[in-house]
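Thanks for coming, everyone. I have one structure to walk through today. Let me put it on the screen.

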Amino acid sequence: MDHETEFALSFYKKIDTLSEAHDVDMVKHVETGEIFVMKRTGNYDMATYRLLQERNFPWIPRIRELTTDGDCLIIIEDYVAGRTLAEIIENHRLEEKDTADMVMQLCNILKPLHGNDPKIIHRDIKPSNIIIDNEGSVHLIDFDASRSYEPGKDRDTVLMGTLDYAAPEQYGFSQSDERTDIYSVGILMKTMLTGRADSAADDCGKLAGIVEKCTRMDPNKRYSDVDELAQALKSVTLKKLGDSWTPPGFRTKKPLHMILASAWYFTLAALFFVPNVDNMNPYEYYTGIATLVLSLLLFTFYIADYRGFREVFPYKSKADSRWQMLRYILASVIIFLAPISAWSIIVALIAG
């Protein structure tokens, strides 16, 4: 180890071993006290790791240090508190809706990687490389097998990936591209739903058709990109896997929730019987009351994410966590005010 590398690593003190087999430790910065992950690997593509460090893609641990020690690459990256998907599904299978939700998050992680120039293909998507943090958000880790896509190249020069999860083209039949990761995502869904990577797509319930298309041998017959895959999952989720038509507040069957929901819906219904004390035009008054009730119902559906309502209007799902609260507030205001604004405009035009 040269002096420069030794100096860079001297700022980090090992406090725990995360994986002895893969040489991964938890370390603490001696000056700031921040917790990081230190990993040593001999299988890597330096250009890809440099891209990851420079671009700092969302929902991927931020790389703080990259240094080499002979043929070994040493990576210092942010620590994500949570559990791997492998740990979560070790003792129980996931429901179809939970599987679809997690995979849609994963699609949002992969989209900027695949859309990068050059494209970054992960090539080793599997349960142990996915962390679910304490808030339920998905993070993608371990880019040792990742490669940048090279236009005009007919096959991969380095054959890497995990058995069962690796697409056929990773064994030298053609070059890996975004459809390679889609194949692995399909196998991942099998494991999440059935506990076995080698199970049949037919065993995956209402997601069987999506799993089957993801894992076709011919890349041209898979989903062309993660946007198409996410849209397919969203359609199935909303049509087949979403919550029942039971109104918000009654879905959990909890007495307190149902009492509060009943009081809220009773209040909305009672608005129609409030006397017109200002002697407004009856048409304007009752259409105004109906518009207010509609606004409050839409607001309720958004806050409760009724049948996925929050994720289809008005913004895309899974924004960066730093903007999530702003997103919710802005969307709530828009949803509440839109019907009222439309009613005001219509009344003004009629009056004019």
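**Salt bridges, cavities and a surface patch**

Let's start with arginine 196: its relative accessibility is 49%, so it counts as partly exposed. Keep in mind that this is a predicted model. Arginine 196 makes a salt bridge with aspartate 198. The closest N and O atoms of that pair are 2.9 Å apart.

How many salt bridges are there by this rule? The count comes to 15.

Next pair: glutamate 228 and lysine 213. They form a salt bridge too, with 3.7 Å between the closest N and O atoms. Glutamate 228 sits in helix α7, residues 226–241, and lysine 213 sits in helix α6, residues 208–214, so this pair ties together parts that are 15 residues apart in sequence. Glutamate 228 has 32% relative accessibility, so it is partly exposed. Lysine 213 has 22%, and is therefore partly exposed as well.

One more pair. Aspartate 124 forms a salt bridge with lysine 126, and the closest N and O atoms are 3.7 Å apart. Are these two residues buried or exposed? Aspartate 124 is buried, and lysine 126 is buried too.

On to cavities. By this rule there are two of 30 Å³ or more. The largest cavity holds about 40 Å³ of space. Its lining is Leu85, Met102, Val103, Leu106, Ile130, Ile132, Val138, Leu188 and Met192. By class, that is nine nonpolar residues, no polar and no charged.

Which elements each supply at least two residues of that lining? They are α4 (96–114), β8 (130–133) and α5 (178–194). The largest share, three residues, is from α4.

The second largest cavity has about 30 Å³ of space. Lining it are Leu52, Asn56, Phe57, Ile60, Pro61, Arg62 and Ile63. That lining divides into five nonpolar residues, one polar and one charged.

Last stop, the surface. Ile15, Leu18, Ile35 and Tyr79 form a nonpolar patch there. Together they have about 310 Å² of accessible area. Take isoleucine 35 from that patch. Isoleucine 35 lies in strand β3, residues 35–41. Its relative accessible area is 33%, so isoleucine 35 is partly exposed. The patch rule asks for over 30%.

That's the tour. Over to you.

How values were computed:
Residues numbered from 1 in each chain as written. Predicted model: local features only at pLDDT ≥ 70, side-chain atom pairs only at ≥ 80, totals over all residues. Heavy atoms only, no water. Patch = residues over 30% accessible without salt bridge, like charges linked within 9 Å, V, L, I, M, F, W, Y side chains within 5 Å. Areas by Shrake-Rupley, 256 points an atom, 1.4 Å probe, with all protein chains shown as cover. Salt bridge = Lys/Arg side-chain N within 4 Å of Asp/Glu carboxyl O. Helix = DSSP H or I, 4+ residues; strand = E, 2+ residues; numbered from the N terminus. Buried < 20%, exposed > 50% of the residue type's maximum accessible area, 1.4 Å probe, protein only. 1 Å grid on protein atoms, 1.4 Å probe; cavity = no way out; pocket = protein on both sides within 12 Å on 5 of 7 lines; lining within 4 Å. Points joined across faces, edges and corners; volume = space filled by probe spheres on them. Nonpolar A, V, L, I, M, F, W, Y, C, P; charged D, E, K, R; others polar.
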